[in-house]
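Hello,

Here is the structure I promised to pass on. My notes follow below it.

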Amino acid sequence: MKFTNTKVQMMQNVHLAPETDEDDLYSGYNDYNPIYDIEELENDAAFQQAVRTSHGRRPPITAKISSTAVTRPIATGYGSKTSLASSIGRPMTGAIQDGVTRPMTAVRAAGFTKAALRGSAFDPLSQSRGPASPLEAKKKDSPEEKIKQLEKEVNELVEESCIANSCGDLKLALEKAKDAGRKERVLVRQREQVTTPENINLDLTYSVLFNLASQYSLNEMYAEALNTYQVIVKNKMFSNAGILKMNMGNIYLKQRNYSKAIKFYRMALDQVPSVNKQMRIKIMQNIGVTFIQADREKMKKAFQKLITVPLEIDEDKYISPSDDPHTNLVTEAIKNDHLRQMERERKAMAEKYIMTSAKLIAPVIETSFAAGYDWCVEVVKASQYVELANDLEINKAVTYLRQKDYNQAVEILKVLEKKDSRVKSAAATNLSALYYMGKDFAQASSYADIAVNSDRYNPAALTNKGNTVFANGDYEKAAEFYKEALRNDSSCTEALYNIGLTYEKLNQLDEALDCFLKLHAILRNSAEVLYQIANIYELMENPSQAIEWLMQVVSVIPTDPQVLSKLGELYDREGDKSQAFQYYYESYRYFPCNIEVIEWLGAYYIDTQFWEKAIQYFERASLIQPTQVKWQLMVASCFRRSGNYQKALDTYKDTHRKFPENVECLRFLVRLCTDLGLKDAQEYARKLKRLEKMKEIREQRIKSGRDGSGGSRGKREGSASGDSGQNYSASSKGERLSARLRALPGTNEPYESSSNKEIDASYVDPLGPQIERPKTAAKKRIDEDDFADEELGDDLLPE
């Protein structure tokens, strides 16, 4: 019984599982957290996104005290169940269990502190702490502040230096650059004491040194500039400092140390990469300029060596020192012996070499030819060839003449005119030529007399004197001066040319032809001489020879329009229209403004009935001479003849608007409007009748005035009108000269010349006066009256 009671008592302490749990004896044994499942991670999109981005590196979100996670009971061995708190089964962190705070994770979330976990209020922005304490004022005496202040002062000094340089105050710019350099060195020392050397501001140091070197160079303190550039170039901490060697090369170029300049330019060229093509091109250009400058120095040194070559000629031995007759006899004997002649030739050769060298190098050894001549003159004056200095001055004046700077040339020549006789004669000769070119024949004659009186054997002076006499119309006296010049110097081509012109003016054509043929033997390809020979043959009425010599002129200058038109005129006179047309057309092609050529070509196309082509030439003539009504009448006539009556009518109307008092234009308008049946015919007829009446009244007044005046007055008026006609003809003839022949001597223009040492024959050629040229046969001309009767014929328009 006792056993039974004990058994019953034990059964009371046993708790049986419910019926529903009979089959769950091992429930929860296979339960696992899915977060630890790594087999399906490759298919988990969220996990792969976290791996590829920074999403997975964000700090984990910790749980709050009151968890909202879903719990799932887990059975224990004792049959009890515990809950696993997690959003997807992850263990909860930061929870308080049994009053004990669980240690936080390594990454703490924002706004969570230990105090907060102990029951403090949540304050993520720390607003409960109150306002922040004010910022502490930085100490002005701190080393960092001193360094910053120094940097600011250095930058300001560099800027002030650059501004002063741009304003042209180079001295102030240099002072500011020096101050910046001193303060920058103080700054470097202070920075080395506070920080490591690696923290030094290299850009500031570079800018200070570069600005200082530039200011030294601009103030021509080249040694200091080179030293400063060397400091920059040798410091390897400065990147791309090698390009500054180009600046050093520029300084050496200014110092005329060309070898070092080329050396530094080439070093700079090696430092520049091939990508920077513009910089490389500029450096190579500097190298080329340096070589040219070096050549200039070489030319100067060579000239200085040339004038120091000893001639070893003793001029004193040819001067008798005493009145001893024996000594005087010996001196006279050796004055013209072979040794003396050889010495003269040697001296003349040396002077020729020196003068030629000076002429060659003077325009290139300095920035201007005037400075180059001045240098040569100073060097020659300090040598044994002092007398050549005046000749160089004359060459300088001649160079001014070639550059058409007459004022400078006259100023130099007037100074030389006051010196010894030889130089005086040369200067006066050139002054005479200058005044002759300026049409001041009185001054030209005066200086020519001075030149002749100073040196009677100067052929250039005699030629210029003959030119002044020629300009006054005394041709026989001019011929005497030219002949005397030829006697003194048979090679004076200017005198020979001018005497030929003089014979032509005297109508001695055979003698003139002989002179020009002799000159042609000397100057084989002279276009001036060939043209004069052709002109003489034309005056002798030998057109075939004239054409032959003009063809030689064309072979020398094939683009001269005046020569081509002259050939066309001769062929037209001979009746060869095709050849005449060829040369007239070539002349028009090279110079389309010669009104006589245009007129001939228009008439040629009218004769051949090519009206449309004739219109082109008459329209150009109307552009050249817009006040001449005949060209527009020719255009209208060509339109009418070609059948373009409407265009002809428009042209006549336009001509009538421009020239309302032209009777011929109104006559054509009346006839053309009548034939075309236009109402304007009556209006134009009234205008025509009124103009004709006014013309009759005007003619009656002129006739009555002539009847009332004396015969002598009529003669004076007739002579005056004749003179004016001649003047117009001469001026129009002068206008027809081409630009090329104006540069050549004209038909009757004498040459101007000077001595060989003061002016070249090739320069002073066409200095003669503008004299009336030889008469030539009149070209075919067209007037508005040529077509008047013909155009008003009955067969003007078709029925």
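A residue is called buried under 20% relative accessible area, exposed over 50%, and partly exposed in between (1.4 Å probe, protein chains only). This is a predicted model: local features need pLDDT of at least 70, side-chain atom pairs count only at pLDDT 80 or more, and totals for chains, interfaces and linings use all residues. Residues are numbered from 1 along each chain as its sequence is written, and side-chain values use heavy atoms, with hydrogens and water left out.

Glu220 is exposed, at 59% relative accessible area. Its phi is near 60°, a positive value in a non-glycine residue. Glu541 is exposed too, at 71%. Its phi is also positive, about 60°. Most residues other than glycine have a negative phi.

Now Glu184. It is buried and has no salt bridge (a side-chain nitrogen of Lys or Arg within 4 Å of a carboxyl oxygen of Asp or Glu). The nearest side chain of opposite charge (Lys and Arg count as positive, Asp and Glu as negative; His and chain ends are not counted) is Arg185, 6.1 Å away. Leaving aside neighbours within four places in sequence, Glu184 is in contact (heavy atoms within 4.5 Å) with Val154, Thr205 and Val208.

Last, the cores. A nonpolar core is a set of buried Ala, Val, Leu, Ile, Met, Phe, Trp, Tyr and Cys residues joined through side-chain atoms within 4.5 Å. The largest has 129 residues. Tyr385 is one of those with the most contacts inside it. Apart from that core lies another, of 27 residues, including Tyr229 and Phe264.

Best wishes
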